[in-house]
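Here is a short briefing on a predicted model. Keep the sequence and the 3D view open while reading.

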Protein chains: 4
Amino acid sequence: MSEQSTSSEVTTFENVPLRPRRIAVLTAGGDAPGMNAAIRAVIRSAAATHIDVIGVRRGYEGLIEDRFESVTGRGVANILQRGGTVLETSRSEEFRRPSGRMRALQNLRDHSVEGLVVIGGEGALQGATVFHRESGLPLMLVPASIDNDVPGTEYSIGFDTAVNTAIDAIDKVRDTMFAFERVFCIEVMGRDSGFIGLSVAIGAGAEAVVVPEIPLDIDDLCRRVEEARLRGKQASIIVVSEGPRTGGVMPIATQLERRLGIKSRIVVLGHIQRGGSPSARDRVLASRMGAEAVRALSECAAASVIGEERGAIVRTPLDHLHERQRRLDTSLIELVYRLSI
Amino acid sequence: MSEQSTSSEVTTFENVPLRPRRIAVLTAGGDAPGMNAAIRAVIRSAAATHIDVIGVRRGYEGLIEDRFESVTGRGVANILQRGGTVLETSRSEEFRRPSGRMRALQNLRDHSVEGLVVIGGEGALQGATVFHRESGLPLMLVPASIDNDVPGTEYSIGFDTAVNTAIDAIDKVRDTMFAFERVFCIEVMGRDSGFIGLSVAIGAGAEAVVVPEIPLDIDDLCRRVEEARLRGKQASIIVVSEGPRTGGVMPIATQLERRLGIKSRIVVLGHIQRGGSPSARDRVLASRMGAEAVRALSECAAASVIGEERGAIVRTPLDHLHERQRRLDTSLIELVYRLSI
Amino acid sequence: MSEQSTSSEVTTFENVPLRPRRIAVLTAGGDAPGMNAAIRAVIRSAAATHIDVIGVRRGYEGLIEDRFESVTGRGVANILQRGGTVLETSRSEEFRRPSGRMRALQNLRDHSVEGLVVIGGEGALQGATVFHRESGLPLMLVPASIDNDVPGTEYSIGFDTAVNTAIDAIDKVRDTMFAFERVFCIEVMGRDSGFIGLSVAIGAGAEAVVVPEIPLDIDDLCRRVEEARLRGKQASIIVVSEGPRTGGVMPIATQLERRLGIKSRIVVLGHIQRGGSPSARDRVLASRMGAEAVRALSECAAASVIGEERGAIVRTPLDHLHERQRRLDTSLIELVYRLSI
Amino acid sequence: MSEQSTSSEVTTFENVPLRPRRIAVLTAGGDAPGMNAAIRAVIRSAAATHIDVIGVRRGYEGLIEDRFESVTGRGVANILQRGGTVLETSRSEEFRRPSGRMRALQNLRDHSVEGLVVIGGEGALQGATVFHRESGLPLMLVPASIDNDVPGTEYSIGFDTAVNTAIDAIDKVRDTMFAFERVFCIEVMGRDSGFIGLSVAIGAGAEAVVVPEIPLDIDDLCRRVEEARLRGKQASIIVVSEGPRTGGVMPIATQLERRLGIKSRIVVLGHIQRGGSPSARDRVLASRMGAEAVRALSECAAASVIGEERGAIVRTPLDHLHERQRRLDTSLIELVYRLSI
């Protein structure tokens, strides 16, 4: 949100203390497994409490371009288990501008929408925060992001599935590790945060992990791989978060090969981690959070992030989200090393 | 533990305030995916902190029958991802008797074991509690139980995998649901608690769930299936916990068929849920809990359950476990019905 | 097809030697993973060769009830990987009567359909054979049946997926086998043929298999389990085909328990085997067979079963299908025993 | 085999027409899922027919370095379902030299081995052919290679699993395809042959495939992707075989991005495809081929490749393998394009 919001000409929702009669739901930003489970929970919870619900296709862009469509409880049958999002998503440049948001607001008013559920990640939250501040529209964010970096919740929908997918892949690599002396470098998602990388490294029993939060120390990395060889490990697995902060898997593989004189092999998991049928945890989380978002709107709660904190489903008002970035518990990196003796 | 413990003749560990030099690890009771990950974490954490560690085969029975064997950090390579337990397990009648426990204690002393990690569920905890009270042996319980019913922790190792396994199975049934008018009755584990049943029902989008905590109301069940048909659902999925308290899947399927005049089909998942490669969550939990158990022993903490409570790894001393049975949040049953409109 | 066909009043297709301008496609009988891949292949192959194609919902019943709907190549996007059938299926009593088939024929003529692709199993083939004989409608059967019992082909679509699903399930049971002395009895599909049972038994490394083709010899079964125990096997896996010919898993489990005095545990896989994303093999087979069905129609070939025989895609005219039942190679049962030493 | 074999000083096996009393088994070259299933089948079939069997660790290198170890039928319990090879494998430079092979022969004689089963791919076959020609040792090759390029068989063990693994991965990418305009380039194995690439492209419904057998035509590729966009496809999937002949996924992704002005995303599956639990097909194939190899040795058959040809298990004598390279049916590439309308 680089631009400042300006006073809007359309009437805002500032004085709407009543239970909404109609709400809208959309998915925004990068998609995540479990978004469909959240959509289903929002739509069916609304139906169960006699709140009208309308779907918006392609995220914030759809708000602007008036891609509203009616949905029913039966219409979301059989989507719980599907990856992706039936409402589709987008990254909207237009919504970053006051003019775009004004058009969005006007469309919402034209459709008599009195509350909004946004299912998305950190970027979606930023858009929602500005939009709510300007418009006063009652609004709940259901956190869905494989990066698990949404403030106001310890877990975001999609993270568990993405970690499972990466670990399953590395398990297969592990089967083939015992034949040849090699370093396997596995690139996972998370360009700005190491949540995926760290969980994957622990869960897959990696020898080392390179995350964006900690500057790469190639000497240290080489030393660890070398020590593993001396302890009798033929092969090592290094998990590397993608993106410019780590440099990705290629230069690291090259360096290891050159310095240690052993062959390296790379795997780039890429968008595999964004898809797939959501895990049990992501489905249950999405179901509970989606239901809670509707309950919060029906209770006229302040615009909030729906979160799971300390095991419970909670609401954190958008203006209480002081800390904009969730911090990685880097002490767990030590656990990776300790358990990969 | 029906019998009372009597005074034992072998010296107990009551006055051992020192960091143990050697510990033992075993798995007891029904097995659960992730037990191997916990074994690995215990053994490697001990090695990393220079505590000697010894494995005991076949649980409490192995303590009694002196099935101790030396283990090394390298020896548990490549087990993290495997279901089952490389140390094997058992249900020991002998350990329920003071004479059995005395022999176990003598064997532990003979092997100079000064601390014990027990990986297991509710039954293992009962045995551990009596054994610790009698012997004073420093002891940590790492909760592993697909039933998720261990007090002192919100999650037990294996539960997440079992729920994922059952949901994957039901997803396949769902593919085939749209052809014929049918009720599918799926029997899942959990004879004394509905944790699996309830999570599976939410995650699989079941139309109804029957758990041991709530007496079966067959009229209500028939009414719900009938209403689902009227809403346009051709087929319904009913998740049923196994065991005498629900009666299992057979009589329910028969009743539904007779009363509603539609065909029913059954699936009995059985031991499928006990096996399989552990999920990401179970591996990370097992790794953290196993490491914490060793840390607790090395810090001479009181005999405790290692738990995950409100998102953090905690220790609850055995004598603080007042509530012997974890309670199911039955309000979530309402969510099943609400989301299966 | 118990009834004989009578002379029909609607004109038949007997003299249509020309390349069809429009064809229809349907799925009939029990569903099988890969049916969607076959539907996609038929529709897109037709589109690529400029033949009009129309979908019929709910199998033969849909022919009778005029559930025709236009389909496009783009309309079958993203179904290749899905279990079930987007065209739905049914078992039609009405189509067994001449009157039903006459109505079906009239509807086909009304929609100017000049060729038909039926995707289904043995029952669908019987219906197709009678229908073709009466009507002369050019017709290709694409064999899809998890039972793998369609004459004219060595493999039917869905069989490979069903076998993989059952084996995956048994793998999980195997993880948990080594703790307790037990017999696990696993019921798989195939009430009239042991193709699934036998492949599952070989692939899962079962100790024994009970198929409909060979009368159950409970004495022999008990002896084999007993011998396995004497060789050091704690637990055994018995794969049992469902249905009245074997008696299913229950009585066998009871007998084993009573005679051998060891605990038995049952798993009933049921409809799990009918669903799930199709395997690579089923997708490739469905894609090739669907394309071949359209090619055969466009070449005005005789009404045929599209098959895979000796590794090649072949056409067998319906009236050359002398042998109505594929025979199980029971010599492979010996392989099960030999490899489960 | 760059060097010519010279006359060897150790006695050869030329005149051993008798049923071998002892055989050895090894795995050579790149590993493949199902090798363990084949090892198990060889060892247990031998045991069942009272032939002594001995395992050789690390392939041909192990023959030279005398890494023979006794194995038993019970000792290969619970390996059927595991990826990798419990006997480990290697690529042996030493075995390419007459001196190395002579030492191997001497070791075999010292252990009284009268027959050898080699489980491996094209490279292993070359070594076996030279070795047999020189030594006369009765020898059977069980083809295991994810590349599926072994002459004398239509299917090699591991191919089916590798294709399934790649397709599962692409399915996940597909879930996430509908949000953004993108080209996904997926690199699969098969540097010298397009069997994996082509089957994966058909099974995953890719828009295009680039295999080593056909020179890359980047103009044609761009045109196809462009046409797919015009037909309404937001995203396309291109499957690319790894290696110097295609150039791999990187340059293709870059070109597509530059020429078409849409974003590309890459996935490099790498060694994921070599691991994982073998598929049903690979297990059954491995079981049958392993048993057949032992049968062939016990019948004093000529040194052969055990193969699956036209649906049957066959033996092709090594000196009848005229065609050294299996040819890809490139006509199926047309099917990829036809079905991705």
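What covers the buried residues of α6(B)? The cover includes α9 (280-298) of chain A, together with α5 (159-175), β6 (182-188), β7 (208-210), β8 (235-241) and α10 (331-339) of chain B.

This is a predicted model, in which local features need pLDDT of at least 70, side-chain atom pairs count only at pLDDT 80 or more, and totals for chains, interfaces and linings use all residues. Residues are numbered from 1 along each chain as its sequence is written, while chains are lettered from A and ligands numbered from 1 in the order in which they are written.

**Confidence**

- The predictor gives the complex an ipTM of 0.93 and a pTM of 0.95.
- Chain A has an average pLDDT of 92, and 94% of its residues score at least 70. Here pLDDT is the predictor's confidence in each residue, from 0 to 100.
- In residues 1-9 of chain A the pLDDT is below 50. Beyond near neighbours in sequence, this stretch has 17 contacts in the model. Two residues are in contact if their C-beta atoms, placed from the backbone, lie within 7 Å.

**Helix α6 of chain B**

- Helix α6 spans residues 195-204 of chain B, and 10 of its 10 residues are buried. Helices (H or I, at least four residues) and strands (E, at least two) are DSSP runs, numbered from the N terminus.
- A residue is buried if 20 or more other C-beta atoms lie within 10 Å of its own, exposed if 12 or fewer, and partly exposed in between; these C-beta atoms are placed from the backbone.
- Among the buried residues of α6(B) are Phe195(B), Ile196(B), Leu198(B) and Val200(B).
- Gly205(B) follows α6(B) and has a positive phi, near 65°.

**Chains B and C**

- Copies are superposed by least squares on the C-alpha atoms of residues with pLDDT of at least 70 in both.
- The interface puts 27 residues of chain C in contact with 27 residues of chain B.
- α5 (159-175) and β9 (263-268) of chain C each supply at least two residues of the side that touches chain B. α5(C) gives the most, with six residues.
- That side of chain C has 10 nonpolar, 10 polar and seven charged residues. Ala, Val, Leu, Ile, Met, Phe, Trp, Tyr, Cys and Pro count as nonpolar, Asp, Glu, Lys and Arg as charged, and the others, Gly among them, as polar.

**Chains A and B**

- Chain B superposes on chain A (RMSD 0.0 Å) by a rotation of 180° with 0.0 Å of shift along its axis.
- Arg310(B) comes closest to the rotation axis of the residues of chain B, at 1.8 Å (C-alpha).
- The same surface serves both copies: 100% of the contact residues of chain B recur in chain A.

**Arg224(A)**

- Arg224(A) lies in helix α7 (residues 218-230) of chain A.
- Arg224(A) counts as partly exposed because it has 17 C-beta neighbours inside 10 Å.
- Leaving aside neighbours within four places in sequence, Arg224(A) is in contact with Glu207(A) and Ala208(A).
- The C-alpha atoms of Arg224(A) and Tyr337(A) are separated by 8.7 Å, with the two residues 113 apart along the chain.
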